[in-house]
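Please consult the sequence and the model shown here while reading.

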Amino acid sequence: MKSWSRAVLVCMLVHVIREVLSGGHPYIVPTVGQVWPKPQMHVSQTSTLSISPDQFTFTVTDETCPLLQRALDRYLAIMFPANKLSTARHAGRVSGKALTSFQIRLMAACEGAPYLHMDEHYEIKIDSPDEPGVGSIVAVSVWGILRGLESLSQLLIPAGDGTYFVYATQIMDFPRFSHRGFMIDTARHFLPMNKIKEMLDLMSMNKYNVLHWHIVDDQSFPYVSDVYPDLSTMGAWDSNRVYTSADIADIVSYATDRGIRVIPEFDTPGHTRSWGDGQPDLLTECYTNGSPNGLYGPIDPSKETTYDFLKALFTEVTSRFPDHYLHLGGDEVPFACWISSPSISEFMVQQNITTYSGLESYYIARLLDIVANLPTANGYMVWQEVFDNNVTLASDTVVHIWKGSGDDLENELSDVTAAGFSTLLSSCWYLNYISYGTDWHPYYECDPQNFNGTEAQKSLVVGGEACMWGEWVDRTNLIARTWPRASVVAERLWSDASVNSTSEAAPRLEEMRCRLLNRGYDAEPLGWGYCDADL
């Protein structure tokens, strides 16, 4: 037995007290066989069924859906991983009844691509009185089947001898919000293709359905354009850290198979320094004392060539990203360079524009008109500044709220929805901000509909997004820094509003973290303890 000094013991005691007083949990015993995010309705019995992987099969009512067939193959590998050692922790609970076949009932035609407001309802029945010894997933859409398959995979419990068991169960489930997104940033640090796919796998395991791809920014322009090849040639970190049209098609296809939309963000007129090297005369030339100083600011809104460029670029972008929506940014535009430019001042006089926020609004209005009239008839998402600056927006615009807290945030949500616009919330879910100790509770306590407004207003909140900005994040720490903290946001966006207790969620979240570890992902610890997959 170790001989601890009084100082060490006092230090340990203080640490435990701090954890408890702050709502933390120094050691959490994980649940077993609980589904994350928590379903809308989940009833389990005490009786169990045994499953032998080599005798288990899926049967499908519609065998003409390739996406579904690929999902079934994928989930067989997830449910019954090869070369995984099972522990005997849960041995001895298996009844004599075996579950050898699981019916997959797709009730409508197979859809080819996910979309906003797609139907993700599903129902799971295992050993119901009507169908003893049988398991089934029923859904109207293939997207509901995907969510049901993930839930089924989480219900299985290793029996310790290479087999599994599952409790007799009935689940009826659907998401609270239709847009459950995660934002990655590939401009501050390049993310390899395999890491983006790893994120998509983890997103699907947590029932996210949107990858918001902040693909370019001041620091680099890794998007390879066929129309303007110099944008990446001159603006990317180097020729290896880019995304070609084939790469984008690969990511979109990989995401589609998992029921995830891919929405790219090309943020303008600010955040565009990397654009300037590959597209001369696009950015505003900055002046000091009436002379150019060699610096450049936001996109120059005074030149017609700017809008010709934007039309050609976004025509190409929308041909590669099939989702109805583009994210057009519009945040954090610095005015200093515009203020210094004689040509900008002259243009403002000609256009009777009296403020620089008005100049920004002029640019954004032109851009939105271009995107709305592209051949693909795209809709758009914008950061909240665009709404705050009173830019005229199309009725199907989605306003993305990222600023504020408390009353300021609630007032913004109320104002945007009162104006009739759909909205997303990210303000409370910037996961790139990290702190020591238990930091997930505020994420869990944030509710996108927590503001004063009518039911009609609250119905305009289509969901939210967790964000992982890349200033201090690259392939080495993306997964651990994101998960399982992003799992918390996933549950807030999927489960009923009444599911909001951190103490009730903690053991289930611990199980989810252990589950991700067991599946091979380096999800960081939530507190003291261990998972079977630690070794």
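Does Cys-467 count as buried or exposed? At 0% relative accessibility, Cys-467 counts as buried. The model is predicted, and the points below group its features by topic.

**Overall form**
- The protein contains 17 helices and 17 strands.
- For 535 residues, a compact globule would have a radius of gyration near 24 Å, and the 26 Å of the protein agrees with this.
- Along the principal axes, the C-alpha atoms fill a box of roughly 85 × 70 × 50 Å.
- Of the contacts between residues at least 6 apart in sequence, 77% join residues at least 24 apart.

**Burial and surface**
- Buried residues make up 54% of the 535.

**Disulfides**
- The structure holds 4 disulfides, and the bonded cysteines, numbered in sequence order, pair as 1-2, 3-4, 5-6, 7-8.
- Cys-65 and Cys-110 are joined with their sulfur atoms 2.0 Å apart; this pair links distant parts of the chain, 45 residues apart. Cys-65 is buried at 0% relative accessibility, whereas Cys-110 is partly exposed at 31%.
- Cys-286 is bonded to Cys-337, tying strand 11 to helix 8. The link is left-handed, with -115° about the S-S bond, and both cysteines are buried.
- Cys-428 and Cys-446 form a disulfide, also left-handed, at -60° about the S-S bond. Both cysteines are buried.

**Cys-467**
- The closest cysteine sulfur to that of Cys-467 belongs to Cys-428, and at 10 Å it is too far for a bond.

How values were computed: Residues are numbered from 1 along each chain as its sequence is written. This is a predicted model: local features need pLDDT of at least 70, side-chain atom pairs count only at pLDDT 80 or more; totals for chains, interfaces and linings use all residues. Side-chain values use heavy atoms; hydrogens and water are left out. Helices (H or I, at least four residues) and strands (E, at least two) are DSSP runs, numbered from the N terminus. The radius of gyration is taken over C-alpha atoms; the globule rule is 2.2 Å times the number of residues to the power 0.38. Buried means under 20% relative accessible area, exposed over 50%, partly exposed in between (1.4 Å probe, protein chains only). Contact means heavy atoms within 4.5 Å. A disulfide is a pair of cysteine sulfur atoms within 2.5 Å.
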